[in-house]
Amino acid sequence: MRTVLTTCPFCGSGCGVYLQAENGKLVGVAPSEHHPISRGKLCMRSWGAHEALLWGERLTIPLIRRNGEQKQALWPEAVGFVATKLASLVAAKKRVGVIASTRDTNEENWLAVRLARDGLRTGSIDFCLRAAYHPLLDGVGQVTGGIPSTATLDDVESAEVVLLVEGDLCTSHPRAAFSVMKCVERGGHLITVGAAKTQMGRLASAHFSTLPGSEGEALNEILSQIVTSSEAKSIVAEKGYEGREEIARSLSGCSVSEQGRAAAKWIAGAGRAVFVLAPTSAPPGDARACASGLASMAALTGHLDREGSGVITLLGRSNLLGAWELSAVPGTRQGGTSDGGAELDAESMLDEVSGLVVIADDPPSVLPDVKHAAEAMSKLEFLVVVDSFVTETARMAHAVLPIAGFAETEGTITSMDGLVQRVRAAADPPGKARHGWEVLADLVAKMSPGRTYRSVAEVFDEIASSVPYYAGMSHASLEQGWGARGRPGRSGSKVRLGEAAASKTVSPEFPMVLALDGVMDWGDDPLVRHAPTLSRDSYARRKMFPAGLVEVCKRDADDLGVRRGWKVKVRSKFGEAVVAVEIRDDLAPGALLVPYAFRGHTAGVLRGASAVAVKVEST
Amino acid sequence: MKNGEDMVQDGAKTIARQDVGKWVAKLMERAEVITPVAGHGGDVMYSRVSSPDDVMFDFANTLLPPKQFVLPQTDPLVRIRRDAGGFKVEPAYDERRRVLFNVRSCDARSISFLTKMHTMDLVDDVFRKRAENVTVVSLTCNIPCPLGFCTCTDSGPFLKDGYDVQLTLLPDRILVETGSEKGVALVAQGGDLMRPAAGTDVDQRKLLEEVARGSMGKETCHFASAMRRVSTGRVEEDLWVRMSDWCVECGGCNLVCPTCYCFSVKDLRDGDGWLRCRTWDSCQYAAFTMEASGHNPRERRKDRMKRRFFHKVSAQYFQRDGMVGCVGCGRCVKVCLGTTDVPAVVGAIRKGAWNG
């Protein structure tokens, strides 16, 4: 049996996990006792990390679509076909784009960026989850100088106060939930803000119940207490932060509950406090403001750059930060030779490009508008899929280039707290599948003659010499120990504080709020969908609710006179839908949450918004 | 058991430290020798050794128990092939001869427990064939591990039975005791390297056991009083409710537990046929008990926790199995992604209070 240490492919926490393989095939996983992040612990998903690659429907042979049918091809033929076709689209001045991935390695994403910027000479490169996280990264970054997390999970564990804006931390980031529990066990004050009083909320000293997307209201309540304190004024004077007066002015009329005063007092009085932020149902503008408001709260209480204190942005996917930092985002942030033309995001790319390269992702299962994504993709003139799993996207592709899964390849990923770690191969790629970096390097070489990479380490060397955060790192140096952190450089000179925001949505006509649950829904992710143990819950739920579902609290269900599985009519100013209800004990009254996997059934009610005021009636 | 009297066998042998490699080399001629080896950055894990030099005697116990060598995480049970007019099904036996070398006392005890569980009623042939070909060489714990509580479960730091061979590190040599026919055969492979143990060797072993028992860490687990409460329905429902908020359902406690054997069955594509595999599962996962109708008899986590501890510590199972479902290894304390490890929950049941 071969046992190989790698980095967990699920959330952004960056846990270490051993993969076990026999005769080139995965057979199981094992925890790593000394790994600095996981410290011997694994969540349910990590424990099933080997399953999807073993049981999943894998892409094993290059495919080229001929006369409407995907036919097997040899590698040189397939790569040549893709390169020639892409080149002809570029030559014809047609738009092309690349969708990179948060489940890919840094090396694969780097080559994806090179393919887009240098090979295809376009700024249209993106990853599907960016839209959900950009507001958070941007809002926090406004205050921290571009750093998504200034604290670690260990800081959470030893903090005196933790303020958590969450969806459901135990589900989205179990390892982070552990740190919070340890903090509470030690006597720390946990303050939770959210539409659901989840497990974390039940352990909290104070829970601020809000409507989905209105988390900013609770944050502003606390912030209004803090912003006018003499301590905040002296911190602002000392550090030169900007924007305090504006916040104080706009929050001057904010009504504050007893709980809000208590929370403000705990935060201000704590020696160490950590502010943890997860995506919510807030629209992008509010989400961004919420993020900057939270980080401002840390700044105004002196916790922004204090040892053991800080802000943590919870990232949902293992290499989301890597994709962000390596500029797999529209436009040019670093390097590259964009033609200055199109700089489309993932969603617009589907509509506006003629040729699209999708790497290790399945846009219809990740983007908010399922139906639109699938339809738009089916109309593409030329769709290339580079992936390990058979997805809807792969089925539509004109060319499929099969690559190794996370447990079959070498590279690095960057966890949400900035730890750059190795991904190592424990098993062999199936069939004719090759390493993703090799396939992408081949494409880059074809599109940009002279640009060759002989090894995955060489790709990383180029990252290290191009992206400041990775300076000085190499595969060889990461091989020892547990990875490395770069030195995050502050961008921008002045810290600009901001208040949180929450658009008022409800009205007498539409008294409740229907919102897309901000909690990362793993049900559609190939690593869960193809894993027998991990997929059971989501399969069962889909089977139980084939016509969609919304979650409501018991009280609202009683008021509506409905029980689990009964249908209600949900109506917004955009449209209406009839869906079944699922009762949740922990949800705030007035809130209806739509799990991400079920978003298609209420698309007409939401019409692209993440939260909308609705009227609900029993049918 | 305070007194080590009558626990050292008459036929005990000794082997010099420097000769162990030669013995292991002989074992390697006939079997895969699997032993704790150094992993990444101080981690220790079981692995097949390619050289006798890889065998360690000074190590903290592995985080993943050697359970997988009798009950693999992905365990092929039967091969299914298409046949003229139907399917051909044949058992997938794994009859590799393996020696698990330097297995800690708790883990050796767990393997005999698992063997009992899989052979006592309906015999599980796949398990039996694999286990029959595994010989367990246990290593007593002169210095008990900090989180272990094996004295509470009668599974260490020294064993009186349940091993094939038991080694004890004496100051200048190794005491070799045998506990089964397989063990005797394994020791015989050592030939002249094995010498009859002297009375002083036996005395030293008794002394070491006493010292080890006396130095057990602070972790204790009062199973008897917890068992009384669990078995007589004297655990408040609210206690389970409150405790279940401190569990994130990672399943780690089950998966690293040397005595847990919950499983699922799933067919794995294998060439043009299938391998029907038994896979490790956790009774703490919501979907574990879900029925095909969608109904889940243990939908709430507190009910699953309750079920787990009923199985682990109730009198009903103690009477049937002869032991609690725990060997006191302390692994669940290390892997718990919440605060509901076995000592914590057993303590809470006993006291009727949860202070999490």
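Of the 619 residues of chain A in this predicted model, 64% count as buried. The chain holds 26 helices and 24 strands. Its radius of gyration is 24 Å, close to the 25 Å that the globule rule gives for 619 residues, so chain A is as compact as a globular protein of that length. Taken along the principal axes, the C-alpha atoms of chain A fill a box of roughly 70 × 60 × 50 Å. Among contacts in chain A between residues at least 6 apart in sequence, 73% join residues at least 24 apart. The accessible surface of chain A is about 21300 Å², and carbon and sulfur atoms supply 49% of this area.

Chain B can be described in the same terms. In chain B there are twelve helices and twelve strands. For 356 residues, a compact globule would have a radius of gyration near 21 Å, and the value of 22 Å for chain B agrees with this. The C-alpha trace of chain B spans about 65 × 65 × 40 Å along its principal axes. Buried residues account for 57% of the 356 residues in chain B. Of the contacts in chain B with a separation of 6 or more, 73% are between residues 24 or more positions apart. About 15200 Å² of accessible surface belongs to chain B, with 50% of it on carbon and sulfur atoms. The charged side chains of chain B comprise 51 positive and 46 negative ones, and the centres of the two sets lie 3 Å apart.

Helix 20 of chain A runs over residues 436–447, and at 1.5 Å a residue its twelve residues should span 16 Å; the end C-alpha atoms are 17 Å apart, which agrees. Which residues of helix 20 of chain A are buried? They are G436(A), W437(A), V439(A), L440(A), A441(A), L443(A), V444(A) and M447(A). The cover over these buried residues includes both helices and strands of chain A: helix 3 (75–91), helix 4 (106–119) and helix 21 (456–466), together with strand 13 (355–359), strand 14 (382–387) and strand 15 (399–402).

Helix 24 of chain A brings the other chain into the picture. This helix covers residues 536–544, and R536(A), S538(A) and A540(A) are buried in it. The buried residues of helix 24 of chain A pack against strand 11 (263–270) of chain B.

I267(A) has its place in helix 13 (residues 258–269) of chain A. With a relative accessible area of 0%, I267(A) is buried, since the cut-off for that label is under 20%. Leaving out residues up to four places away in sequence, I267(A) touches V161(A), L163(A), I191(A), I222(A), I226(A), F275(A), M297(A), T301(A) and H303(A). I267(A) and C15(A) are 252 residues apart along the chain, and their C-alpha atoms are separated by 29 Å.

In chain B, H311(B) sits in helix 9 (residues 301–313). H311(B) and V230(B) are 81 residues apart in sequence, yet the distance between their C-alpha atoms is 9.8 Å.

Some details of the backbone also deserve a look. K93(A) has a positive phi, near 60°, in a residue other than glycine. K93(A) is found in the loop between helix 3 and strand 6 (96–100) of chain A, and with a relative accessible area of 77% it is exposed. A360(A) is not a glycine either, and its phi is positive at about 45°. The loop that holds A360(A) lies between strand 13 and helix 17 (363–366) of chain A. Is A360(A) buried or exposed? Its relative accessible area is 3%, so A360(A) is buried.

The peptide bond joining G156(B) and P157(B) is cis, with omega about 0°. P157(B) lies in the loop between strand 7 (134–139) and strand 8 (165–169) of chain B.

Conventions. Residues numbered from 1 in each chain as written. Chains lettered and ligands numbered in written order. Predicted model: local features only at pLDDT ≥ 70, side-chain atom pairs only at ≥ 80, totals over all residues. Heavy atoms only, no water. Helix = DSSP H or I, 4+ residues; strand = E, 2+ residues; numbered from the N terminus. Expected span 1.5 Å × (residues − 1). Buried < 20%, exposed > 50% of the residue type's maximum accessible area, 1.4 Å probe, protein only. Contact = heavy atoms within 4.5 Å. Rg over C-alpha atoms; globule rule 2.2 N^0.38 Å. Areas by Shrake-Rupley, 256 points an atom, 1.4 Å probe, with all protein chains shown as cover. Lys, Arg positive; Asp, Glu negative; His and termini not counted. Charge placed at Lys NZ, Arg CZ, Asp CG, Glu CD.
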